[in-house]
Protein chains: 2
Amino acid sequence: MKLAIVSPNAKRLGTLLRGRVGEDVLLAYWDGVGEPEAQVLEAEVVLGAPDLAAAVMDQLSALRWLQSTWAGVTPLVGQPRRDYLLTGVKGIFGRSMAEYVLAWVLAEKRSVLRHSSATSWDGRPDKGLAGLHLGIAGIGSIGGEVAQRCGGFFASVRGLNGDGRTVPGVEHCFGAARRLDFARGLDVLVLLLPDTEATNQFADKALLEQLAPGAIVINAGRANALDLDAALEALSGGRLSSLVLDVLAEEPLPAEDPLWRTTGVHITSHTAAPTNDEAIVALFLNGLTRYRRGEEPAGRIDFDRGY
Amino acid sequence: MKLAIVSPNAKRLGTLLRGRVGEDVLLAYWDGVGEPEAQVLEAEVVLGAPDLAAAVMDQLSALRWLQSTWAGVTPLVGQPRRDYLLTGVKGIFGRSMAEYVLAWVLAEKRSVLRHSSATSWDGRPDKGLAGLHLGIAGIGSIGGEVAQRCGGFFASVRGLNGDGRTVPGVEHCFGAARRLDFARGLDVLVLLLPDTEATNQFADKALLEQLAPGAIVINAGRANALDLDAALEALSGGRLSSLVLDVLAEEPLPAEDPLWRTTGVHITSHTAAPTNDEAIVALFLNGLTRYRRGEEPAGRIDFDRGY
């Protein structure tokens, strides 16, 4: 069986994989530099970064299964080709995302930045998180883990997904059609939405106006879900207390962009849920075992929905 | 029955209490300004801040039960008088302390301060908390709640208390005699020790040397438990990555103290677990119901142990 690793990080992933796949598996690599070897293009199974895989999709003549190394698979669902199984990364990023959400909510609500820069005693008490209502838009496997790990610190946890299906650890789930009801009175809005047409400008002026005064908005999904102009207006007008952006329409955001110096905006440079190579390889090996048994690896992406 | 509220915050506590105690209860107040009225000194039950209560302890002629409004009761256990029931505040501060510990560990390990001050893209990934070993010295009701609420983010949670008794949510509990074993390899050391002779300089040079390289030390208990000079030396030598101090030998710490400007030191001005008046009053009312039934209110302080 021919297996290709297509990733800027291909060598490292290969080191982790080698010796853990059968001896009948031929491994080939492409890290995006130069042209891929013929053996890469003949692969039946690809472990790959969506952008690189998309660049050679037309040439992958034997492809049957592609395991993405990213949570987001937009470059691949945007391709016309759909005659293969595309699986995403689920169950890896949730823990890291939960840390990220708590880190920034606590930074604000426990005055981490204020205390860090203090030069004299400042004993003003914080209210903490106990009275706050958390809402997670785009609640699937990652958001569900955020809810389960962080929910106990908040007064309530609300979720929103396409159809309003229930998610463990989430008291109220809303469907996309009820997005304004979902947002009403939230103190913390976390956007974890995939990049699809349906999520464009999800958090627009009308939605942001539903949030509680002084709310925190955290976008750690995809940039398209947030109307950045509306959010900045709400921030400068004092309706939001802070805006935490892990994702931006242009990445890396140029150093000359005024966002870097906008009070209340925190830019975390796409580090909210970093890829963990070892976890990705373990997930891929589970899938490979299933694939070779004739079963379907977990995490199938629906090309129509885009996630 | 005569009940006195002895606290800088007496009026506010009285407002919360009024109408929730029986009509046969006579309420008196002293906020520490001027001399207390006779009715305060004749109280059978006192809800009080330990420092103010200690100042009039000799004059409290009818005292049978004193409910502290603080977690720490050092000013009272330092008094010769022990012919009354002293109860502490338990089960209130744990949630706030858990937020505090996570806030500062995440601030460091998820680079909150670095990202907040960034002026250009910085996508270096963080390792997060998953590989870190957390140790809580002085694990009782507060530390136990810290362990239960935060433990799932860490690789392991260790505790230390006087006798090494087990605590729910804590994998390994050490007695005070094994403090160096407790400390060995910890990435995060949280000090929540009471102020007693036995805890003086608990975290000394020998203990700090047991910690993992780059450890974080958080003191949110009492200042006496940490050898500050040894901690600052470990910090400047790079053995510690940061030192988070909620409590100090002198509070408020004077603005001219060089600690305010020491790199890696974060001073949070005794805000880790702020007193929550409503929670204190609810706790006191539970105790009062028990007291009037002839039962013992929860939270008895052992004068010998000091907590």
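Two rings of Phe, Tyr or Trp (its six-membered ring) form a pair if their centres lie within 6.5 Å. The exercises below apply this and related criteria to a predicted model.

**Exercise 1. Find which residues of chain A are linked into a cluster by ring pairs, and how many aromatic pairs there are over all chains.**

Solution. Applying the pairing rule, one finds that ring pairs join A:Trp65, A:Phe284 and A:Tyr291 into a cluster. Over all chains, the count by this rule comes to 10 aromatic pairs.

**Exercise 2. Classify the ring pair of A:Tyr84 and A:Phe303, and locate its two members in the chain.**

Solution. Begin with the general point that a pair of aromatic rings is described by the distance of the centres and the angle of the planes. The centres of the A:Tyr84 and A:Phe303 rings are 5.6 Å apart and their planes stand at 75°, so this pair is edge-to-face, given that planes over 60 degrees apart count as such. Next, A:Tyr84 belongs to the loop between α4 (74–77) and β5 (85–87) of chain A, while A:Phe303 belongs to the segment after α11 (277–292) of chain A, so that the pair links distant parts of the chain, 219 residues apart. Finally, with buried meaning under 20% relative accessible area, A:Tyr84 counts as buried at 5%, and A:Phe303 counts as buried at 12%.

**Exercise 3. Carry out the classification for B:Tyr84 and B:Phe303.**

Solution. The rings of B:Tyr84 and B:Phe303 have centres 5.6 Å apart and planes at 75°, and the pair is therefore edge-to-face. Because B:Tyr84 lies in the loop between α4 (74–77) and β5 (85–87) of chain B and B:Phe303 in the segment after α11 (277–292) of chain B, the pair ties together parts that are 219 residues apart in sequence. B:Tyr84 is buried at 5% relative accessibility, and B:Phe303 is buried with a relative accessible area of 12%.

**Exercise 4. Describe how α5 (residues 94–109) and α7 (residues 141–150) of chain A pack, and name residues that make the contact.**

Solution. The axes of these two helices are 8 Å apart, and the helices pack at an angle of about 55°. That angle makes α5(A) oblique to α7(A). The crossing in which α5(A) passes α7(A) is right-handed. On the α5(A) side the contact residues include A:Gly94, A:Met97 and A:Val101, and on the α7(A) side they include A:Ile142, A:Val146 and A:Arg149. A:Arg149 also lies over the face of B:Phe153, at 5.6 Å from the ring centre.

Key
Residues numbered from 1 in each chain as written. Chains lettered and ligands numbered in written order. Predicted model: local features only at pLDDT ≥ 70, side-chain atom pairs only at ≥ 80, totals over all residues. Heavy atoms only, no water. Phe/Tyr/Trp six-rings, centres within 6.5 Å; stacked < 30°, edge-to-face > 60°. Helix = DSSP H or I, 4+ residues; strand = E, 2+ residues; numbered from the N terminus. Buried < 20%, exposed > 50% of the residue type's maximum accessible area, 1.4 Å probe, protein only. Lys NZ or Arg CZ within 6 Å of the ring centre and 35° of its normal. Axes fitted to C-alpha atoms, helices over the stretch in contact; angles between N-to-C directions. Parallel < 35°, antiparallel > 145°, perpendicular 65-115°, else oblique. Left-handed = near helix turned anticlockwise from the far one by under 90°. Contact = heavy atoms within 4.5 Å.
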